[in-house]
2 protein chains.
Amino acid sequence: MAEAELKISTKGEYASRAMLELSLRHKEGSLHIKAISAAQDIPERFLEQILLQLKRAGYLRSRKGPHGGYALAKPPEMISVAEVVRVMDGPLAPIDCVSVTAHQVCPHEDACGLKGLWKETRDAVAAIMERTTFADLAKRTLAARAKFAASKGRGFRRTARPSGA
Amino acid sequence: MAEAELKISTKGEYASRAMLELSLRHKEGSLHIKAISAAQDIPERFLEQILLQLKRAGYLRSRKGPHGGYALAKPPEMISVAEVVRVMDGPLAPIDCVSVTAHQVCPHEDACGLKGLWKETRDAVAAIMERTTFADLAKRTLAARAKFAASKGRGFRRTARPSGA
DNA sequence: CATGTAGTCGACTCTGTCAATCGACTTTGT
DNA sequence: ACAAAGTCGATTGACAGAGTCGACTACATG
């Protein structure tokens with residue numbers, strides 16, 4: 001028995017985290033894979049191919065050579081989580097006969113009273129992810145961190161970041 | 001690339017279909033595996049083990065010998081889809097750090113602004129499945145079938161033939 | 001009480017997907 | 001031109017999901 005039937009692939013998760021990191025540090029210009037990998041704890045080599053995919057899909061732009069790296073291709077408020085997840089894992093549907101992007105005829109048509117239910121859940125999830133942008137996530141994250149820092153007591157240094165500068 | 005990041009296992013799907021069939025024909029007393037398998041087009045041998053699991057979890061009762069078979073252990077309006085799916089696939093969470101039944105500390109705590117979002121989607125899905133009972137599904141199915149029959153009933157079958165008579 | 005019917009159980013296979021890694025190539029800055 | 005950084009695609013290893021099998025046990029009826 002698995003542990004979840006509602007599953008976001010780690011790839012989708014990593015992609016989201018990477019995009020979030022990029023959104024948080026949007027001002028800094030481009031970030032190297034290493035920086036993102038370290039900040040979000042994602043295997044560097046794996047992240048590499050994720051960023052690549054995201055770039056091909058038009059969400060990121062990259063620069064080679066020294067001082068290169070990745071950056072968002074559009075402002076964070078223009079990118080929804082749904083888009084990113086879809087790039088990584090494909091269309092979202094709880095079961096094939098309900099997908100908006102990849103339907104196929106369900107052999108049970110009339111017999112399948114479940115179809116409506118699956119569609120309902122799909123729509124609910126899609127709606128949430130569709131309306132949440134990375135700007136939203138960044139805002140929430142900042143808020144959460146501030147709260148965290150405050151509750152942890154003054155004088156505490158915050159999360160150690162492998163920052164240069 | 002997969003085709004869905006929101007996935008109900010076929011086991012969960014089959015279990016739901018079986019329960020639906022049992023609900024639809026609740027009046028008939030118990031049904032044999034064969035009948036359910038045929039009606040819902042589920043591999044007999046596979047269905048067998050699914051029903052078994054459902055029985056162990058207390059949703060079905062069975063009778064051996066001739067005239068045996070499976071039947072619901074409680075009325076359809078007392079069983080939610082969420083329960084059944086959970087029996088088959090375990091707790092539902094888009095990612096481990098959000099599961100209500102199987103949490104584990106997320107190593108990114110503060111850094112993870114995504115957590116809230118995953119939780120949101122989980123709750124949305126859970127809410128839908130929790131409030132939908134098999135009585136609901138049976139009703140919907142009957143309605144869908146009636147509609148289907150009506151539209152099929154009048155008129156003639158579509159003629160793809162170049163020249164009719 | 002014999003016997004076929006039906007259910008129970010656990011182990012097993014097979015396939016596909018997912019996560020992750022490598023090696024080599026290309027581009028860019030100095 | 002050389003090194004640093006990014007790009008690419010192929011490969012791999014592990015594990016979960018889907019479906020199968022064989023044998024065992026219980027029951028109901030002739």
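Where in chain B is Asp41(B) placed?

Analyst: Happy to. Please keep in mind throughout that this is a predicted model.

Asp41(B) sits in the loop between α2 (33-40) and α3 of chain B. Its backbone is worth a look: phi is positive, at about 55°, although Asp41(B) is not a glycine. As background, most residues other than glycine have a negative phi. With a relative accessibility of 48%, Asp41(B) counts as partly exposed, because that class lies between 20% and 50%. In chain A, Asp41(A) is found in the loop between α2 (33-40) and α3. Asp41(A) is not a glycine either, yet it has a positive phi of about 55°.

Searching the whole structure over all chains gives 2 aromatic pairs. One of them joins Tyr14(A) and Phe46(A): the ring centres are 5.8 Å apart and the planes meet at 80°, so the arrangement is edge-to-face. This pair ties together distant parts of the chain, with Tyr14(A) in helix α1 of chain A and Phe46(A) in helix α3 (residues 44-56) of chain A, 32 residues apart. Are the two partners buried or exposed? Tyr14(A) is buried, because its relative accessibility is 16%, while Phe46(A) is partly exposed at 26%.

Chain B has an aromatic pair as well: Tyr14(B) and Phe46(B) are edge-to-face, with 5.8 Å from centre to centre and 80° between the planes. Here too the pair links distant parts of the chain, since Tyr14(B) belongs to helix α1 (residues 10-24) of chain B and Phe46(B) to helix α3 (residues 44-56) of chain B, 32 residues apart. Tyr14(B) has a relative accessible area of 16% and is therefore buried; Phe46(B), at 25%, counts as partly exposed.

The tyrosine brings us to helix α1, which I'll follow in chain A. The buried residues include Gly12(A), Tyr14(A), Arg17(A), Met19(A), Leu20(A) and Ser23(A). As a general point, an α-helix has 3.6 residues a turn, so residues three or four places apart point the same way.

The C-alpha atom of Leu20(A) is separated by 9.4 Å from that of Gln40(A), 20 residues apart along the chain. Further along, Ser23(A) is placed in helix α1 (residues 10-24) of chain A. Ser23(A) is buried because its relative accessible area, 8%, is under 20%. A polar atom of the Ser23(A) side chain lies 2.8 Å from the backbone oxygen of Met19(A). Leaving aside residues up to four places away in sequence, Ser23(A) touches Leu72(A), Pro76(A), Phe134(A) and Ala138(A).

Now for the wider setting in chain A. This chain holds 6 helices and 2 strands, arranged along the sequence in the pattern α-α-α-β-β-α-α-α. Of its 165 residues, 46% count as buried. Among contacts with a separation of 6 or more, 60% come from residues 24 or more positions apart. The accessible surface of chain A is about 8800 Å², and 55% of it belongs to carbon and sulfur atoms.

Finally, a word on confidence. The average pLDDT of chain A is 78, and 73% of the residues score at least 70. Residues 101-105 of chain A stay under 50, and the model gives them 6 contacts beyond four places in sequence. The pLDDT is below 50 over residues 155-165 of chain A too, a stretch with 5 contacts beyond near neighbours in sequence. Where pLDDT is low, the predicted coordinates should not be read in detail.

Definitions and conventions:
Residues are numbered from 1 along each chain as its sequence is written. Chains are lettered from A and ligands numbered from 1 in the order in which they are written. Side-chain values use heavy atoms; hydrogens and water are left out. Helices (H or I, at least four residues) and strands (E, at least two) are DSSP runs, numbered from the N terminus. Buried means under 20% relative accessible area, exposed over 50%, partly exposed in between (1.4 Å probe, protein chains only). A polar contact is a pair of N or O atoms within 3.5 Å; within protein, one must be able to donate a hydrogen and the other to accept it, and residues adjacent in sequence count only if both atoms are side-chain atoms. Contact means heavy atoms within 4.5 Å. pLDDT is the predictor's confidence in each residue, from 0 to 100. Rings of Phe, Tyr and Trp (its six-membered ring) pair if their centres lie within 6.5 Å; planes under 30 degrees apart count as stacked, over 60 as edge-to-face and the rest as tilted. Accessible areas come from the Shrake-Rupley method with a 1.4 Å probe; for residues, only the protein chains shown count as cover.
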